Amino acid sequence: MPVKALYNYKFPPRDRAEVFGDDILVYAYWIDNPFFCAASTWRVPKNMKWKDFIGQIFGQLYGLDPDFKKVKGWKWYHFDQEFNPSDEKTLTELGLRHKSIVKFKPIEK
Amino acid sequence: MAKKKLTLAQKYHIYTRGLDWEPTYVSKKDIYPYAEYEGIKIKDWNKWEDPFRMTVEAYWKYQAEKDRRFYAILDGFIQNQGHLTLSDARYLNSIKLFIQGVTPLEYMAHRGFAFVARHLPGPGPRTAAFFQSMDELRHTQIEVHAASNFNKYYDGFHSMTHMHDRVWYLSVPKSYFDDAVTAGPFEYITAISFSFEYALTNLLFVPFMSGAAYNGDTPTMTFGFSAQSDESRHMTLGLQVVKFLLEQHEDNVPIIQRWIDKWWWRGYRLTSLVGAMMDYMLPKRVMSWKESFELYIEDQILEGLFRDLERYGIRPPLHMNQSIKEKEFLSHDVYWILFSFTFAAAFHSWIPKEEEMEWLAEKYPRTFNQYYRWRYEKAKEAKTPLPGDRFYYIGLPQLCQVCQIPMGFTNPDDPNNFVQRYVEYEGEIYHFCSDGCKWIFEQEPEKYVQAWLPVHEIYKGNCFAEPPKGPDDVVPQVLKWYNIQTDNFDYFVSEDYKNWKEWHKDMATVVV
Amino acid sequence: MTAVETKRERFVAVDLQKTEEGYNVLQAILKDNPGTRIDEFPGYYKVKHPEKLIIKRETVESFMGRSWDTQEFNLVIISYAGNFAEWDDEKILIQWDTHM
């Protein structure tokens, strides 16, 4: 349904992909762990390697959880699709796009 | 023989209808250019009735009296060093949120109702909107005057309008009202007078202000009740407008229903901040968010108001069921968000004391101990390099595209996870905290794709006082741009706490 | 959409300031409205009735000991639930299901 207005109401999205150039916004979410009160937002280069991306989000934020160091490995989801990212691939190569969300939870033994 | 006095009804009729006229050399359409484009059809503006029957004479008389009473109480409080007799300085953090978040909305409401008072073609509602516009300006003034006393002694009160336009959590109230004032006059009045004033301000201005009284803050109680006494008139305006529009034309019904659906959820999300203030920030508590929601929303609005509106073909708001399901989670979710990001806020937060946790567990027997208490235990362990012996979320959260609150609303059906929704619209992805916010986006995507989301703006470099000199300088430059000085971090490392202890060191009543 | 299910009650209400004037209005309401219930909170009274509440000028005046204009009700009311079905020089009536 369009906005009712007295003129042609059309504006470019404020946070569209092109505004961020060679970077994208990626959201990250630790499933089943509401200690982190919401998913996090990261501005990262599209060609950032996966290992550098997780190094950043774990190093800065998720490692603060005392339970973090008990985790042996992670299961990953891109939106709600399970995926197996390899460390050396870039975010683009892994199929991530502007405003993708990656979710993760500890691998249960 | 003395002339018989006019009755209230006669005076009101003369004042409204008697002072209106039919234009002869300009068309009505040119005078009221916004009257038709929203699709609302009016057959006869004269069917409008205002039960308050307020005339200018009565308005000045009673408003002046309300102000006299307020300023007498404020002066007494100031002269008596009333701030020292508050229950605890922690209390004032709820008032900081109020003054930063709500007071600027009062001013926006003043502007919004001035617009409506100019642009509604009917003289009755125009008069009511004109009074309300003046009321809202009065509310802004008395709130600023009450806060200016606290500003002499406590952090967080010094820069409310500047902060309102910039700080991340204040984009929540700001975007709410910007959404309303950029709508047409009929949607605006349905949004603010009906959905907000009739349904939601009770939660803000009645139990919360009772809490102010209970915590020794008589100026806030007085401005709150003084404002809410005007709100009674505003509620009446909202209800009358909606009933009037529904009776005027059947084509209005689906339009009004859609606005009620939208503005219930917008207002409800906004009011969640009040839930956190009531349940966590008042050292002495009157009633829980859940109890006040049951009384003011479930009883008064659902059992009362919406049964009354059934005969017009109006049903309760679309996402009301979700609000009811959330009532045992909402305040805890929001305080946990505020707690997590206090390093970037102009108020303090703290880990609830043991007796406060017990109160929360008693009021929320199905949720607090199960889903929230452990977070505060863990927060004592998960320390960061920042001041305060506890956890902060060292990062930026994902925000909802519509309500702009960090996406931390628990899914009641899966309480260890938050609700996360997204849509793709014209090649871009948008995320939402709820089905309600997603639905609102889908109704008018062109409006919400323009949202100024604080987190994204920081990442675009639009929120720095000066360009950061390195990664460690990012947050300080944002805080400088926000004009947050010593207003942030945990209460127990704050200037407020230090001063409060100092001022009370010789008193037996010290509360720490 | 399914109807919202609540096991709640329906009442009309007015929230009054806990002041001297508010107290007098409250007494008048109690006198003229048998079956009224009061919940007390810090700073205010919540006055509820299952059907309707009437505030009569004459009764308020008898408690105030002075003349009282029904518009002075603006100075003691904080909030309400219901409709103002009538508001004239003699009385104020609050109830649900009144229509234009």
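Student: How many bridges join β6(C) to β7(C)?

Tutor: This is a predicted model, in which local features need pLDDT of at least 70, side-chain atom pairs count only at pLDDT 80 or more, and totals for chains, interfaces and linings use all residues. Residues are numbered from 1 along each chain as its sequence is written, while chains are lettered from A and ligands numbered from 1 in the order in which they are written. Helices (H or I, at least four residues) and strands (E, at least two) are DSSP runs numbered from the N terminus, and two strands pair if DSSP finds at least two bridges between them. β6(C) and β7(C) run antiparallel, and the number of bridges joining them is four.

Student: Which residue of β7(C) stands opposite C:E86?

Tutor: A hairpin through three residues links β6(C) to β7(C). Across this pair, the residue opposite C:E86 is C:L93.

Student: Which residues make up the covered face of β7(C)?

Tutor: In a regular strand the side chains alternate between the two faces of the sheet. Burial is judged by other C-beta atoms within 10 Å of a residue's own, placed from the backbone: 20 or more is buried, 12 or fewer exposed, and in between partly exposed. In β7 (residues 91-95) of chain C, the uncovered face holds C:K91, C:L93 and C:Q95, and the covered face holds C:I92 and C:I94.

Student: By what angle are neighbouring strands turned in the sheet β2-β3-β1-β5 of chain C?

Tutor: This open, antiparallel sheet has four strands, and β2 (37-41) and β5 of chain C are its edge strands, each pairing on one side only.

Student: Which residue of β3(C) is the bridge partner of C:V14?

Tutor: β1(C) and strand β3 (residues 44-49) of chain C run antiparallel and are joined by six bridges. Within this pair, the partner of C:V14 is C:V47.

Student: Which element gives the most to the side of chain C that touches chain B?

Tutor: Two residues are in contact if their C-beta atoms, placed from the backbone, lie within 7 Å; chain C contributes 32 residues and chain B 43. On the chain C side, β1 (12-17), β5 (77-81) and β6 (83-87) give two or more residues. The one that gives the most, with five residues, is β5(C).

Student: What radius of gyration does chain B have?

Tutor: Chain B holds 22 helices and five strands, and 54% of its 512 residues count as buried. The radius is taken over C-alpha atoms, and the globule rule is 2.2 Å times the number of residues to the power 0.38. A compact globule of 512 residues would have a radius near 24 Å, so the model agrees with the rule, chain B having 24 Å.

Student: Which residue of β1(B) is the bridge partner of A:S40?

Tutor: An open sheet of six strands, with mixed pairing, has the order β4(A)-β3(A)-β5(A)-β1(A)-β2(A)-β1(B). β4 (81-83) of chain A and β1 (396-397) of chain B stand at its edges with a single partner strand each, so one side of each has no neighbour in the sheet. β2(A) pairs with β1(B) in the antiparallel sense over two bridges. The partner of A:S40 is B:P397.
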